[in-house]
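I opened my notebook to get to know a new structure. Here is what I looked up, in the order I looked.

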Amino acid sequence: MYVILVYDMGEKRVGKMLKLCRRYLNWIQNSVFEGEITEIKLKELLFNAKEIMILDEDSIILFKSRQEKWMEKEVLGKEKNELTTFL
C-alpha cells in the first residue's frame with residue numbers, strides 16, 4: 001500500500017520519530033513521509049511510534065491508498081527532499 005504519514009510531536013521526541021520514520025518511508029518535508037509499505041511493516045512502524053509518543057500530546061495522521069498511482073501529488077515551490085533516480 002502507499003501511505004503519506006504526517007506527525008506532530010513534542011520537541012524532545014521529534015528526532016526519535018524522524019529516525020524511526022526514515023527506516024520505513026521516504027522523508028519529503030518536515031514531519032512528512034511517503035512511500036510504499038506492507039501492512040505488516042506499517043503495523044511495526046505504528047507500534048514503535050506509540051513507544052515514542054505521548055498519546056495525550058502527540059499525533060500521527062496517515063493517508064492510505066492501494067497504490068501511488070491513485071494519488072495525485074502537486075508541489076508548489078521547491079520540494080525539500082526530491083527523490084532522484086540513478087541509472
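I began with the largest nonpolar core, where M17, L25 and L45 touch the most other members among its 17 residues. I took such a core as buried Ala, Val, Leu, Ile, Met, Phe, Trp, Tyr and Cys residues joined through side-chain atoms within 4.5 Å. Buried means under 20% relative accessible area, exposed over 50%, and partly exposed in between (1.4 Å probe, protein chains only). α2 gives the largest share of this core, 4 residues.

I noted that this is a predicted model: local features need pLDDT of at least 70, side-chain atom pairs count only at pLDDT 80 or more, and totals for chains, interfaces and linings use all residues. Residues are numbered from 1 along each chain as its sequence is written, and side-chain values use heavy atoms, leaving out hydrogens and water.

**Salt bridges**

How many salt bridges did I find? The count is 3, taking a side-chain nitrogen of Lys or Arg within 4 Å of a carboxyl oxygen of Asp or Glu.

I saw R13 pair with D58, the closest N and O atoms being 2.6 Å apart. This pair links distant parts of the chain, 45 residues apart. D58 is buried at 7% relative accessible area, and R13 is also buried, at 14%.

R13 also forms a salt bridge with E57, at 3.4 Å between the closest N and O atoms. E57 is exposed, with 56% relative accessible area.

Note on methods:
Helix = DSSP H or I, 4+ residues; strand = E, 2+ residues; numbered from the N terminus.
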